[in-house]
Amino acid sequence: DYKSRLIMNSLELAKARANVYKFFANLILEEPSPSLLEKISDDAFISSLSDIFENNKGVDLMKNSVIAKEDLELDFSNLLIVPNEKYLKPYESVYLDKRNIGSQVISGLVLGESSVAVKKLYKEAGAKMNIKELPDHIGLELEFLHFLCIKESQKEKEGALRCLKLEKRLKKKP
């Protein structure tokens, strides 16, 4: 019947979302490996990206480029590890939190209120996060969304709705 097909589709969608979150979490949390390089250079992978991102110039560039492991390692390091002019600051608190110090409002600091809120959310959901990074690191948040989507795909209706609410809370924090 229609209702059971709808439920099955939502469970499959949750698994698909989990895979996307896991893929991006791995890209951000792990230095590039030869197997990653092989996967992202694979024609089937690039073709699947083309299906998702229609008319995307970045996908077209990937089709025609040769990616060197050394280039990926350097880009990864510059973007996510070594603070320099290219560094992305992968922590939510850097962008959201502000502190009053005397008469000045200071922003760009880590371990603020949003870090604490994320850590509480992990605990509430029962997620045992591998905390090598600060709790509000974008890679960990993507890993947490992966965790929630997997739980959502394995739950009955009430449990799935709870996971969806947790996902929304992570995405909509102040």
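Predicted model: local features only at pLDDT ≥ 70, side-chain atom pairs only at ≥ 80, totals over all residues.

Residues are numbered from 1 along each chain as its sequence is written, and side-chain values use heavy atoms, with hydrogens and water left out.

**Exercise 1. The overall layout**

Task: Find how many helices and strands there are in the chain, and in which pattern they follow along the sequence.

Solution: 
- Step 1. Use the rule for naming elements: helices (H or I, at least four residues) and strands (E, at least two) are DSSP runs, numbered from the N terminus.
- Step 2. Count them: the chain has nine helices and two strands.
- Step 3. Read along the sequence to get the pattern α-α-α-α-α-α-β-β-α-α-α.
- Step 4. Turn to burial, where buried means under 20% relative accessible area, exposed over 50%, and partly exposed in between (1.4 Å probe, protein chains only). Of the 174 residues in the chain, 31% count as buried.

**Exercise 2. Salt bridges**

Task: Find how many salt bridges the structure holds, then describe the partners.

Solution: 
- Step 1. Look for a side-chain nitrogen of Lys or Arg within 4 Å of a carboxyl oxygen of Asp or Glu; that is a salt bridge. The structure holds two.
- Step 2. Take Glu-152 and Arg-17, whose closest N and O atoms are 2.9 Å apart. This pair links distant parts of the chain, with Glu-152 in helix 8 (residues 138-154) and Arg-17 in helix 1 (residues 2-29), 135 residues apart.
- Step 3. Move to Lys-22 and Glu-143, which form a salt bridge with their closest N and O atoms 2.9 Å apart. Lys-22 belongs to helix 1 and Glu-143 to helix 8, so this pair ties together parts 121 residues apart in sequence.
- Step 4. Check accessibility again: Lys-22 is partly exposed at 27%, and Glu-143 is buried at 18%.

**Exercise 3. Helix 8 and its neighbour**

Task: Describe helix 8, then work out how helix 7 and helix 8 lie relative to each other.

Solution: 
- Step 1. Compare span with expectation, which is 1.5 Å times one less than the number of residues. Helix 8 has 17 residues and reaches 25 Å from its first C-alpha to its last, close to the expected 24 Å.
- Step 2. Ask how covered the helix is: 13 of the 17 residues of helix 8 are buried, making it mostly covered.
- Step 3. Find the packing angle, using axes that are lines fitted to C-alpha atoms, for helices over the stretch in contact, and angles that run from 0 to 180 degrees between N-to-C directions. Helix 7 (residues 113-125) packs against helix 8 at about 25 degrees, with the axes 12 Å apart.
- Step 4. Classify the angle: under 35 degrees counts as roughly parallel, over 145 as roughly antiparallel, 65 to 115 as roughly perpendicular and the rest as oblique. Helix 7 and helix 8 are therefore roughly parallel.
- Step 5. Pick a residue from each helix: Val-118 lies in helix 7 and is buried at 0%, while Leu-140 lies in helix 8 and is buried at 3%. Their C-alpha atoms are separated by 9.8 Å.

**Exercise 4. The hairpin**

Task: In which sense do strand 1 and strand 2 pair?

Solution: 
- Step 1. Recall that two strands pair if DSSP finds at least two bridges between them.
- Step 2. Strand 1 (residues 98-101) and strand 2 (residues 104-107) pair in the antiparallel sense over four bridges. In one example, Arg-99 has Ile-106 in strand 2 as its bridge partner.
- Step 3. Look at the turn: the two strands form a hairpin with two residues between them, and Gly-102 in the turn has a positive phi of about 65 degrees.
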